[in-house]
Amino acid sequence: MGDDHGAARPLRADARRNRERVLQIAQQALASDGLTISFDEIARRAGFGVGTVYRHFPTKEALFEAVLLGRIERFVADARALATAEDAGRAFFGWFAAVVEQASGNQALCDMLDSGTAMPVRPGSTLARDFAAALGRLLARAQRVGAVRADLTAEDALDLLRGCLVAERGARARGGAVRMADVVCDGMRARSL
């Protein structure tokens with residue numbers, strides 16, 4: 001009469017509240033401190049022992065996945081939804097700027113986007129490749145209609161996105177104008193002769 005460990009049991013109300021608190025604190029901590037935050041620090045900020053964090057999230061990667069992967073997946077889904085937009089240039093530049101705006105305020109998202117290998121992903125996940133491919137499709141469409149410079153590759157655009165995130169975070173930290181995405185997008189626009 002052993003427990004069936006394969007079946008998920010509903011959490012008790014107090015356990016559910018604890019899990020939600022851990023997620024809330026982890027989201028805040030990851031946004032401010034990035035992927036280097038420890039379980040111990042998340043537990044301390046949540047007012048729990050580290051065992052409570054481990055009970056809900058057996059690994060650091062599991063916690064990061066619960067907090068962050070949904071955001072990256074939404075970026076990919078948004079890009080896919082824009083893949084057939086009537087104005088391909090507007091779709092590409094709008095998506096690029098939205099990713100920079102949303103991710104630059106979150107150190108862990110910046111860390112994840114900075115290096116596809118830093119993304120804590122489920123076994124067999126292709127999230128880093130999906131993100132790059134979604135960006136590439138938007139870029140190619142925008143180039144076909146002449147909205148984006150023809151000499152820009154998808155890898156270039158991904159590097160520009162990463163650089164833009166760093167610059168945007170720096171501007172925010174010093175209280176400067178948050179306009180890096182506009183500057184970078186202007187540099188990617190096709191120039192008329």
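Are phenylalanine 92 and phenylalanine 96 buried or exposed? Phenylalanine 92 is buried, and phenylalanine 96 is too; buried means under 20% relative accessible area, exposed means over 50%, and partly exposed is in between (1.4 Å probe, protein chains only).

A word on the ground rules before the points. This is a predicted model, where local features need pLDDT of at least 70 and side-chain atom pairs count only at pLDDT 80 or more, while totals for chains, interfaces and linings use all residues. Residues are numbered from 1 along each chain as its sequence is written, and side-chain values use heavy atoms, with hydrogens and water left out.

1. Let's stay with that opening pair. Phenylalanine 92 and phenylalanine 96 both sit in helix α5 (residues 88–104), four residues apart, which is about one turn of the helix. (Helices are DSSP runs of H or I, at least four residues, and strands are runs of E, at least two; both are numbered from the N terminus.) An α-helix has 3.6 residues a turn, so residues three or four places apart point the same way.

2. Now for the other rings. The whole structure holds five aromatic pairs. Rings of Phe, Tyr and Trp (its six-membered ring) pair if their centres lie within 6.5 Å; planes under 30 degrees apart are stacked, over 60 edge-to-face, and the rest tilted. Phenylalanine 75 and phenylalanine 131 make an edge-to-face pair, 6.5 Å centre to centre with 65° between the planes. Phenylalanine 75 belongs to helix α4 (residues 60–82) and phenylalanine 131 to helix α7 (residues 127–144), so this pair ties together parts that are 56 residues apart in sequence.

3. How buried are those two? Phenylalanine 75 is buried at a relative accessible area of 2%, and phenylalanine 131 also counts as buried, at 2% relative accessibility.

4. Next, a charge and a ring. The charged end of arginine 189 sits over the ring of phenylalanine 93, 4.1 Å from its centre. For this to count, NZ of Lys or CZ of Arg must be within 6 Å of the ring centre and within 35 degrees of the ring normal.

5. Look at how α4 and α5 pack: the angle is about 170° and the axes are 10 Å apart. That makes α4 roughly antiparallel to α5. (Axes are lines fitted to C-alpha atoms, for helices over the stretch in contact, and angles run from 0 to 180 degrees between N-to-C directions; under 35 degrees is roughly parallel, over 145 roughly antiparallel, 65 to 115 roughly perpendicular, and the rest oblique.) Arg71, Phe75, Asp78, Ala79 and Leu82 of α4 meet Ala91, Trp95, Val99, Gln102 and Ala103 of α5, where contact means heavy atoms within 4.5 Å.

6. Helix α5 also packs with helix α8 (residues 154–173), at an angle of about 45° with axes 9 Å apart. That makes α5 oblique to α8. Phe92 and Phe96 are among the α5 residues making this contact, and Leu160, Leu161 and Cys164 are among those from α8.

7. Arginine 141 is 49 residues from phenylalanine 92 in sequence and 8.3 Å from it in space, C-alpha to C-alpha. Leaving out residues up to four places away in sequence, arginine 141 touches Leu82, Ala83, Thr84, Ala85 and Ala88.
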